[in-house]
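This report covers selected elements of one model. The structure is shown first.

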Amino acid sequence: MKTVVLVTGANSGIGLALCERLLSEAAEGLQLCLACRNMQRARAARQSLLASHPSAQVDLLQLDTSSISSVINAAQEVKLKYERLDYLYLNAGIMPNPRFDVKAFFRGLFSSGVTTMFATGGGIITQWDGVTPDGLREVFATNLFGHFLLVRELEPVLCRAGQTSQLIWTSSNNAHRSAFSLEDLQHQKGTQPYSSSKYASDLLSLALNIHYNNQGLYSSVICPGFVMTNLTYGILPTMPAFLWTLLLPIFWLIRVFTNTFTLTPYSGAEALLWLFKQRPETLDPYAKYHSLTSGLGNNYTQPRKMDIDLETAELVYGKLLELERVLRTDKCCLSIPRATL
């Protein structure tokens, strides 16, 4: 039987690069599903993949992880189409309305923390979050809660007797404990919603292992490194264009000295592909698997311990379950209430 792989946010950037690399590795044995918000872009991505892999089986799924009804509808479609799901790549994400601090940038440019500044955006970028029609903070819903709800809805095809399945989260170097608060899980009061959501996904991955490993479902987290994607270029409206022109050669030079500057989506997808080849039960649930690139351009994966703890992870998991329960009570569109709550 073919290996069934679903990738959220698959129409561009790291998600599309992962799909291309997966098909290059095992096109004949793969049933690939691109889960995307914009179907026009999804069709273009599928056409691009089939151009290089004509015999590949590539399906499309409309999914907007910021929308509860979209997640529910997509999950229902998956359960009707596939008897099982071997890999679920939780890759979709947004960093909305970034604001670039030019003064902080130039201060950091000549400081000892210049590499960290470029790799994480720390100190030079803040974001101002929006609210979804469901009343949730947009970054929280897109990056975290929508994926959590998707996992919950897909339990029947992820957790099957005698089957091992993997959840693989695309996290970030910018996942900082300092940006996260249990009392403000949606980050309504702060200015770092992206960092908060990524740190929360690191915690959630750990909790999911505790609750699902005995059902054959394992969860891992990766960091793609510093990659030039649409998410990165989204800073452009607030960052002077001439700075990008000046910085691109500098980025390539910095890569000689730091392995976190993967720069291309192809290299950023390295850890995602590496995890595809591993036995999930051998992986460390406390590690984040980093895509790295040497100064010579060689890609490799390295695990690094995350700054997380089980107690906080369980509290996050509990809060997300409670939010799911409330939403299922308030919204009739949320299928049949789950007995597991």
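The sections below take up the basis of the model, a helix, a helix pair and a loop residue.

## Basis

The model is predicted: local features need pLDDT of at least 70, side-chain atom pairs count only at pLDDT 80 or more, and totals for chains, interfaces and linings use all residues. Residues are numbered from 1 along each chain as its sequence is written, and side-chain values use heavy atoms, without hydrogens and water.

## Helix α1

Helices (H or I, at least four residues) and strands (E, at least two) are DSSP runs, numbered from the N terminus. Helix α1 covers residues 13–26, and its end C-alpha atoms lie 20 Å apart.

Buried residues (under 20% relative accessible area, 1.4 Å probe, protein chains only) of α1 include Ile 14, Leu 18 and Leu 22.

## Helices α8 and α13

The axes of α8 (residues 193–212) and α13 (residues 310–330) come within 8 Å and cross at roughly 90 degrees. Therefore α8 is roughly perpendicular to α13 (65 to 115 degrees). Axes are lines fitted to C-alpha atoms over the stretch in contact, and angles run from 0 to 180 degrees between N-to-C directions.

## Leu 63

Leu 63 sits in the loop between β3 (57–62) and α3 (68–81). Leu 63 counts as buried because its relative accessibility is 4%.

Leu 63 and Thr 8 are 55 residues apart in sequence, with 7.6 Å between their C-alpha atoms. Beyond neighbours within four places in sequence, the contacts of Leu 63 include Thr 8, Cys 36, Val 71 and Leu 150.

Definitions and conventions:
The expected span of a helix is 1.5 Å times one less than its number of residues. Buried means under 20% relative accessible area, exposed over 50%, partly exposed in between (1.4 Å probe, protein chains only). Angles under 35 degrees count as roughly parallel, over 145 as roughly antiparallel, 65 to 115 as roughly perpendicular and the rest as oblique. Contact means heavy atoms within 4.5 Å.
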